[in-house]
Structures are given as structure tokens and as C-alpha cells.
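Here's a quick briefing to read alongside the model. Have the sequence handy as you go.

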Amino acid sequence: HYFINKYGSALGGDKNREYIIEPETLVILNNYHWPGNVRELENAVERAIALAGTSNVLKKEHLIKQTLKPEEKAPAPAPLVPLSEMLEQCEKKYLQEILNHCQNNKGEAARILDISRKSLWEKLKKYTLE
């Protein structure tokens, strides 16, 4: 809103002119990562006001085309899997991280994980991590 006020009066010439951002556009802007930080946001708002022309409504066409790549407009939904499958994926990944950390020393890995060497061996066999 700060940049809208700053550039709205500078570009439009009317200090009393209020700009409105469509709710859908606001959601997309809030979800965007903004790798260029506040400067990227400022430039996007300035361009949007210029592109809006005489309209006081800032639409996603004014902001999004310049800012977001098509694949960044809507995040892909996470795949829906059973809880047991998700837990197994997490466990396998964590076991691999611990083994890497311990330079594949299974005794040390079992100690860090607070499980027996036999339990670790069974998990490694289950996930084919040996």
C-alpha cells in the first residue's frame, strides 16, 4: 500500500485517487517469494499503476505478467498419500542423512537414533540403504 500511494499520486497526478488490488491478485502477491526483495515489489507496483492507466483497479494482468513466471503463479498441490507412506519416506530420508553424518558408521548412527543396531539393520534392509 505504501508503494501504491507513492506511485499512484506521482503517476496519476491525483493525490486523492485510491487504487484497489483484486483479492485474487493480493493472494498471489503474498504467496510470491520476491527474490528481488522490496525493490522488486516496488518496481512491480510502479509498472502496474502505469499499466492500469485511468483505471484505479490493479488487476493481476498489471502485476503478475511482469513479476511471476507461469510456473510460479500457482503452486502445485502436494501429492496425497497415506500417512504410513509419508512416514516411511521421511524415515528413509532421515536415516540416510544420519548415515551420511556418521560416515556410514552404523554403531554411531544407532546411538544417535537411540535404537539398537539390530533395529537399524532392519530399517536399512527395509529401505535398501545398505
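Tyr 2 sits in helix H1, which covers residues 2–12; helices here are DSSP runs of H or I with at least four residues, strands are runs of E with at least two, and both are numbered from the N terminus. Keep in mind that this is a predicted model, where local features need pLDDT of at least 70, side-chain atom pairs count only at pLDDT 80 or more, and totals for chains, interfaces and linings use all residues. Residues are numbered from 1 along each chain as its sequence is written, and side-chain values use heavy atoms, with hydrogens and water left out.

- Tyr 2 counts as exposed because its relative accessibility is 61%; the classes are buried under 20% relative accessible area, exposed over 50% and partly exposed in between, with a 1.4 Å probe and protein chains only.
- From the C-alpha of Pro 23 to that of Lys 59 is 9.1 Å, for residues 36 apart along the chain.

**The chain overall**

- Eight helices and two strands make up the element list, and from the N terminus they run α-β-α-α-β-α-α-α-α-α.
- The chain has 130 residues, and 26% of them count as buried.
- Its accessible surface is about 9500 Å², with 53% belonging to carbon and sulfur atoms; areas come from the Shrake-Rupley method with a 1.4 Å probe, and for residues only the protein chains shown count as cover.
- Among contacts (heavy atoms within 4.5 Å) with a separation of 6 or more, 57% link residues 24 or more positions apart.

**A nonpolar patch**

- Val 81, Leu 83, Met 86 and Leu 87 form a nonpolar surface patch of about 360 Å².
- Patch residues have over 30% relative accessible area and no salt bridge, with like charges joined within 9 Å and nonpolar side chains (Val, Leu, Ile, Met, Phe, Trp, Tyr) within 5 Å; a salt bridge puts a side-chain nitrogen of Lys or Arg within 4 Å of a carboxyl oxygen of Asp or Glu.
- Met 86 lies in helix H6 (residues 83–101) and is partly exposed, at 34% relative accessibility.

**Cysteines**

- There are zero disulfides in the structure, going by a cut-off of 2.5 Å between a pair of cysteine sulfur atoms.
- Cys 90 is partly exposed at 45% relative accessible area, whereas Cys 102 is buried at 10% relative accessibility.
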